[in-house]
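Trainee: I would like to go through the labels used for this model and ask what stands behind each of them.

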Amino acid sequence: MKAFVFPGQGAQFVGMGKDLYDNNEEARAMFEKANEILGFRITDLMFSGTDEDLRQTKVTQPAIFLHSVILAKALGADFKPDMVAGHSLGEFSALVAAGALSFEDGLRLVSARAQAMQKACELKPSTMAAVLALPDEKVEEICAGVEGVVVCANYNCPGQIVISGEEPAIDKACELLLAAGAKRALKLKVGGAFHSPCMEPARAELAEAIDHTQFSVPTCPVYQNVDALPHTDPAEIKGNLIAQLTAPVRWTQTVKNMVADGATEFVELGPGKVLQGLVSKISRDVAVSGFQALG
């Protein structure tokens, strides 16, 4: 069985999607529709902007979404998923690719999500840190003992967790994690504490947008970040999307469940190769590949 997976924030690069725009008429029309919906030419920033332009959350999230979704569309008959999943933002790409959301509604929600997260980030100093080579349980235990907000945000693969929270709490947690034997506890260059209680203002804002959006039954199961389980019921999907902003991304558990349910091949659609690397570390018995461009 074939699983298609979609990356999240951090996979962006200048020039992403330009080949699609130049060589595929349908892709070009979708990009231009996105420029119209967003109210600015995101294609200019994607194709010839600066790294700094692309790092802005309000640009990064729609850019990665567009690249992934348009690539899935451009694959045509070659896009035949038995199951899909996306990492954080990538969950929206997965839902559009699987027909649970229209392209236009998906883009509007991603844009609303990005702007709400940007606002939440500006309310108080917060950040994230990557932790390597400690068991999940040990990281959870140390975070629970630190004063302030600090939680496990991304379970990326065995031995790789990202923690998220208020800056002083992250600093203290990193100190304790290194003392406990972590190979690395390194703060990331991100706008704020994604997938933590710090995103509560954004969650409330996004919930209203999602509640007013039409969702359909997807063409295949969508494995969602919040519980790592397959979903096809639109009401469940909406609830999980809302919860995702303040809950951890359970990517390790998601891939394990997809493999247990029969996935033998994982194809990453979108910029970068981050998910291919993570899937390979989670399960050594599956085939892994990716598409960044057609041809």
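Mentor: Begin with the lining of the largest pocket, which by class has 14 nonpolar, 16 polar and four charged residues. The model is predicted, so local features need pLDDT of at least 70 and side-chain atom pairs pLDDT 80 or more, while totals for chains, interfaces and linings use all residues. Numbering starts from 1 along each chain as its sequence is written, and side-chain values use heavy atoms, with hydrogens and water left out.

Trainee: What makes a residue count as nonpolar, polar or charged?

Mentor: Ala, Val, Leu, Ile, Met, Phe, Trp, Tyr, Cys and Pro are nonpolar, Asp, Glu, Lys and Arg are charged, and the others, Gly among them, are polar. In the second largest pocket the lining has seven nonpolar, one polar and one charged residues.

Trainee: What makes a space a pocket, and which residues lie nearest the centre of the largest pocket?

Mentor: On a 1 Å grid over the protein atoms alone, a pocket is an open set of points with protein on both sides within 12 Å along at least five of seven lines, and lining residues have an atom within 4 Å of a point. For the largest pocket, 34 residues meet the lining rule, and Gln9, Gly10, Ala11, Leu188 and Val190 lie nearest its centre.

Trainee: Why is the pair of Phe65 and Phe103 called stacked?

Mentor: Rings of Phe, Tyr and Trp (its six-membered ring) pair if their centres lie within 6.5 Å, and planes under 30 degrees apart count as stacked, over 60 as edge-to-face and the rest as tilted. Phe65 and Phe103 are 6.3 Å apart centre to centre with 15 degrees between the planes, so the pair is stacked. Phe65 lies in helix H5 and Phe103 in helix H7, so the pair ties together parts that are 38 residues apart in sequence.

Trainee: How do you know that Arg28 lies over the face of Tyr21?

Mentor: The rule asks for NZ of Lys or CZ of Arg within 6 Å of the ring centre and within 35 degrees of the ring normal. Arg28 is at 5.8 Å from the ring centre of Tyr21 and counts as lying over its face.

Conventions
On a 1 Å grid over the protein atoms alone, a cavity is a set of points where a 1.4 Å probe fits but cannot get out, and a pocket is an open set with protein on both sides within 12 Å along at least five of seven lines; lining residues have an atom within 4 Å of a point. Helices (H or I, at least four residues) and strands (E, at least two) are DSSP runs, numbered from the N terminus.
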